[in-house]
Amino acid sequence: MKEGANDAAFEGARLQAIVDGADDAIVAKRLDGTVTDWNPAAERIFGYSRAEMVGSSIRKIIPDNRMDEEDLILRRIRAGERVRKFETLRQHKDGSLVPVAITVSPIRDDSGQIVGASKIANDIREWAETRSALEAAELRFRTMANNIPQLAWMAEADGSIFWYNRRWYDYTGTNEEEMRGWGWRDVHHPDHVERVTEKFRSHIVSGEPWEDTFPLRGSDGKYRSFLSRAMPKKDADGDVAFWFGTNTDITRQLEHEEAIRLLMSEVNHRSKNMLAIIQSLVNRIAGDSPDIRERLQHRVMSLAANQDLLIKRNWTGAPVDAIVLQQLDSLGIDRERINLDGNRDFLVTPRAAEVIGLAIHELATNAIKYGALSDEKGGVAIQWTVDRSDDRFGLSWSEHGGPPVEAASRKGFGTILIERNPKATLGASVDYRLEPEGVVWKIAAPLAQLESDGREVSPLQ
């Protein structure tokens with residue numbers, strides 16, 4: 001008996017040493033929740049001493065909003081169940097919440113009756129902080145990845161893609177299952193997919209950063225151009241662990257580059273035409289009048305006025321009234337002496353604007369010198385019409401109230417600007433005559449020859 005008693009005492013001491021030396025809180029309680037045992041780890045984790053807790057209810061360390069949790073635990077213990085490890089919160093003596101992982105088992109007496117419960121609480125504060133930091137980092141990453149303008153993706157070392165950001169799915173209208181692995185080939189343009197695949201595979205083998213430009217099909221079925229790049233992320237041994245890539249929509253950039261190319265081509269063409277016109281002006285005027293400088297200056301000024309107007313409108317064309325007023329203002333003509341009548345939303349092409357502008361400038365110059373604008377009584381009516389049923393554009397200049405105008409003895413360069421230029425460039429019919437009231441000039445041209453479609457940069461027409 002003595003030896004058995006000693007064995008029992010030894011076993012009890014051994015078990016107590018294990019309980020006292022454990023890093024986890026080990027707590028025993030009755031079925032009503034009264035604490036019967038509280039080890040040193042429980043003191044450290046929850047801040048209450050053994051004396052403060054033994055005889056008290058375990059609910060002392062349970063937050064108010066988790067009391068139902070304790071009720072459920074006790075019901076399951078009374079039913080003989082073991083509550084497997086679960087994460088929860090318990091309250092420290094100082095009022096702070098302690099994240100713990102708890103396991104609860106029934107305690108039975110010698111007869112097998114359930115008389116209480118033993119609880120093991122693992123302090124997971126450090127682990128919870130780490131997990132929280134990881135979750136926050138993942139949230140920040142996903143927020144960033146799903147809100148950047150690029151389509152983003154990650155691929156295994158062998159090039160098989162395992163993750164896309166939300167932008168990819170929104171743009172392509174696909175889902176994760178469809179795109180897994182090499183499913184991205186389905187949204188590539190058939191004319192480019194093999195080339196793109198071959199180049200990507202070569203970079204997977206070499207481990208070098210990859211870059212390419214190609215069209216991708218959107219959910220609307222239309223293709224847009226993307227600049228795509230992927231960087232290999234390597235492990236400590238220098239081997240590729242995975243790839244991180246982005247696709248940047250450069251459709252507008254390419255359109256702008258093409259627009260600039262067209263604009264530069266147009267400017268170059270127009271500059272050459274401008275030089276040719278100026279040269280022609282000089283040749284024509286030089287032997288025609290002693291006031292060469294003044295006449296040349298006025299006609300070059302007309303070209304410059306048109307150029308200013310078209311540049312302001314990005315070469316999209318110009319409204320007829322703006323063309324007319326630009327020319328009249330450049331000559332200092334009082335707008336009250338001009339009556340404008342026509343559709344002010346109608347745009348003509350840059351080339352048509354030059355033809356009309358030069359003609360108006362020539363007519364206005366002559367009117368200032370010899371016609372209705374040479375005194376204070378006369379005026380000019382300028383009218384334009386758009387007849388879509390007949391596909392015709394009409395423009396007229398009618399002087400009134402000025403002194404009698406005599407017909408010129410011969411036709412000079414002004415006749416080219418007023419008559420021949422509209423005919424040759426716009427395919428227009430021209431009616432130019434002297435009426436008792438003054439000069440009358442009318443043109444009629446096909447709409448297709450001069451109407452602008454309002455594009456941002458229109459080719460020379």
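1. Two strands count as paired if DSSP finds at least two bridges between them. Strands (E, at least two residues) and helices (H or I, at least four) are DSSP runs, numbered from the N terminus. On that basis, V83 has V104 in β4 as its bridge partner.

2. The model is predicted: local features need pLDDT of at least 70, side-chain atom pairs count only at pLDDT 80 or more, and totals for chains, interfaces and linings use all residues. Residues are numbered from 1 along each chain as its sequence is written, and side-chain values use heavy atoms, with hydrogens and water left out.

3. β3 (residues 83-91) pairs with β4 (residues 97-108) in the antiparallel sense, over seven bridges. Five residues separate the strands of this hairpin, and G95 takes a positive phi near 95 degrees.

4. β4 also pairs with β5 (residues 114-123), antiparallel, over nine bridges. P106 has A117 in β5 as its bridge partner. This hairpin has five residues between its strands; G112 takes a positive phi near 90 degrees.

5. Salt bridges (a side-chain nitrogen of Lys or Arg within 4 Å of a carboxyl oxygen of Asp or Glu) number 21. K29 forms one with E70, with the closest N and O atoms 2.6 Å apart. K29 lies in strand β1 (residues 25-30) and E70 in helix α4 (residues 67-78), so the pair ties together parts 41 residues apart in sequence. Both residues are buried (under 20% relative accessible area; exposed is over 50%, partly exposed in between; 1.4 Å probe, protein chains only).

6. 16 of the 20 residues of α12 are buried, so this helix is largely enclosed by the rest of the structure.
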